[in-house]
Amino acid sequence: MQAWVVDTPGPVDAGPVRRVERPLPEPGSAQVRIRISCCGVCRTDLHLAEGDLPPHRPNVTPGHEVVGIVDSLGTGASRFGVGERVGVAWLARTDGSCRYCRRGDENLCTSPLFTGWDVDGGYADACLVDERFAYRLPDALTDVEAAPLLCAGIIGYRALRCADVPPGGRLGIYGFGGSAHLTAQVALAQGMRVHVFTRGAHNRALAEELGADSVGGATDPSPEPLDGAILFAPAGELVPVALRALDRGAALAVAGIWLSAIPALDYAAELFQERRLRSVTANTRRDGEEFLRLAERLGVRATTVRYPMAEAPRALADLAHGRFGGAAVLTN
Ligand SMILES: [Zn+2]
Ligand SMILES: [Zn+2]
């Protein structure tokens, strides 16, 4: 089979990913093999390709928004049948035994494995997954529509909960790419007022199309105080901007796995009055199941741009340079 691997991490335009020929992997105990139909392109893939995140394994295949058909079962695998459609997401495995797993916070597991970082992901013809960490997908969604929900959607949903906005409250969204445009749909469907702050004409147009209550530049002041905000852009300089927009007692959730340096904060203007700053780290399987059910019920739809799997480097470069709105999906 063919698979992309992160060869030498570096600037995306220097070609850090390479396509290689590999034997079709055989599923081990409790694993299933998936014939990949498509795989979403997440910003985390770009951070790995560019070396913002340290490699966990040389020549790993990136991609953790994988949709495909089960085509082989390992010993003891019984949750899915051959021919069934499944999704593979970021969390590839947890130990199930550390104190965080035991209290239900498996997103904080001390020895987790991640798809496309520790284990080979979806920029390929096939991949393996521990069946306990795969998802059934809503029938109403096509493969391409479903792929971005698996990371962009799930992480955005967790970030929305971390932002702790009351029903009907005012949510600020900083940065408006793949994850934000799904999260905004959930927030709007739940009756929140949504204010979007972003650069890039594609992103602003998409926010308007989805019905955001206001759409401004990345550092514009908010038209009203916010009951919660999510920072999706990997831009630490926006942390004080977003904190200043918060109402008393409100929280800013930073959704990304990587963030550039945060400037010194002004305690009185940016944190006092019990404003909160918190990160969002991965997700639990429960977050994933909840979000997929909610996405089906609320009719959340990803705006997607398709690229043939053979053009993965172009998709990553277009993401880096903000050349599209919504989410890129690689198709086999
Ligand atoms: Zn654990
Ligand atoms: Zn991701």
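The legends below describe close-up views of a predicted model.

**View 1. The zinc ion (ligand 1) and its four donor atoms.**
The residues that coordinate the zinc ion (ligand 1) are Asp95 (OD), Cys98 (SG), Cys101 (SG) and Cys109 (SG), at 2.0 to 2.3 Å. Angles among the 4 donor atoms run from 95 to 120 degrees, and the site is tetrahedral. For four tetrahedral donors, the ideal angle at a metal is 109.5 degrees. Along the chain the donors of the zinc ion (ligand 1) have the spacing D-x2-C-x2-C-x7-C. Cys98 sits in the loop between strand E6 (91-93) and helix H2 (99-102), and Cys109 in the loop between H2 and strand E7 (113-114), so this pair ties together parts that are 11 residues apart in sequence. Cys98 and Cys109 are both buried.

**View 2. The zinc ion (ligand 2) and its protein donors.**
The donor residues are spaced C-x21-H-x86-C in sequence. Cys42 belongs to the loop between strand E3 (31-41) and helix H1 (43-50), while Cys151 belongs to the loop between helix H3 (143-146) and helix H4 (152-163); the pair therefore ties together parts that are 109 residues apart in sequence. Both cysteines, Cys42 and Cys151, are buried.

**View 3. Gly104 in the loop between H2 and E7.**
With a relative accessibility of 45%, Gly104 counts as partly exposed. The C-alpha atom of Gly104 is separated by 9.2 Å from that of Arg286, although the two residues are 182 residues apart along the chain.

**View 4. A network of salt bridges that includes Arg286.**
Salt bridges link Arg158, Arg161, Arg286, Asp287 and Glu290 in a network. In general, side chains of opposite charge can pair when their charged atoms come close.

**View 5. The salt bridge between Arg79 and Glu289.**
The side chains of Arg79 and Glu289 meet at 3.9 Å, N to O. This pair links distant parts of the chain, with Arg79 in the loop between strand E4 (66-73) and strand E5 (85-88) and Glu289 in helix H9, 210 residues apart. Arg79 counts as partly exposed at 28% relative accessibility, and Glu289 counts as partly exposed at 29%.

**View 6. The aromatic pair of Tyr157 and Phe291.**
The model has 7 aromatic pairs. One of them joins Tyr157 and Phe291, whose rings are tilted, at 5.8 Å centre to centre and with 35 degrees between the planes. Tyr157 lies in helix H4 and Phe291 in helix H9 (residues 285-298), so the pair ties together parts that are 134 residues apart in sequence. Tyr157 and Phe291 are buried.

**View 7. The aromatic pair of Tyr267 and Phe272.**
The rings of Tyr267 and Phe272 form a tilted pair, 5.6 Å centre to centre and with 50 degrees between the planes. Tyr267 is exposed, its relative accessible area being 55%, whereas Phe272 is partly exposed at 43%.

**View 8. A nonpolar patch on the surface.**
Ile262, Leu265 and Leu277 form this patch and together have about 210 Å² of accessible area. Leu265 is found in the loop between strand E14 (246-254) and helix H8 (267-271). Its relative accessible area is 31%, so Leu265 is partly exposed.

**View 9. A cluster of aromatic rings.**
Trp90, Phe114 and Trp117 are linked into a cluster by ring pairs.

**View 10. The salt bridge between Arg33 and Glu26.**
The count of salt bridges in the model comes to 26. In the one formed by Arg33 and Glu26, the closest N and O atoms are 3.4 Å apart. Arg33 counts as buried, at 9% relative accessibility, while Glu26 is exposed, with a relative accessible area of 60%.

**View 11. The salt bridge between Arg323 and Asp318.**
The closest N and O atoms of Arg323 and Asp318 are 2.6 Å apart. Here Arg323 is partly exposed, with a relative accessible area of 45%, and Asp318 counts as buried at 10% relative accessibility.

Conventions:
Residues numbered from 1 in each chain as written. Chains lettered and ligands numbered in written order. Predicted model: local features only at pLDDT ≥ 70, side-chain atom pairs only at ≥ 80, totals over all residues. Heavy atoms only, no water. Donors = N, O, S within 2.8 Å, 3.2 Å for Na, K, Ca; no water. Helix = DSSP H or I, 4+ residues; strand = E, 2+ residues; numbered from the N terminus. Buried < 20%, exposed > 50% of the residue type's maximum accessible area, 1.4 Å probe, protein only. Tetrahedral: all angles 85-135°; square planar, octahedral: opposite > 155°, others 65-115°. Patch = residues over 30% accessible without salt bridge, like charges linked within 9 Å, V, L, I, M, F, W, Y side chains within 5 Å. Areas by Shrake-Rupley, 256 points an atom, 1.4 Å probe, with all protein chains shown as cover. Salt bridge = Lys/Arg side-chain N within 4 Å of Asp/Glu carboxyl O. Phe/Tyr/Trp six-rings, centres within 6.5 Å; stacked < 30°, edge-to-face > 60°.
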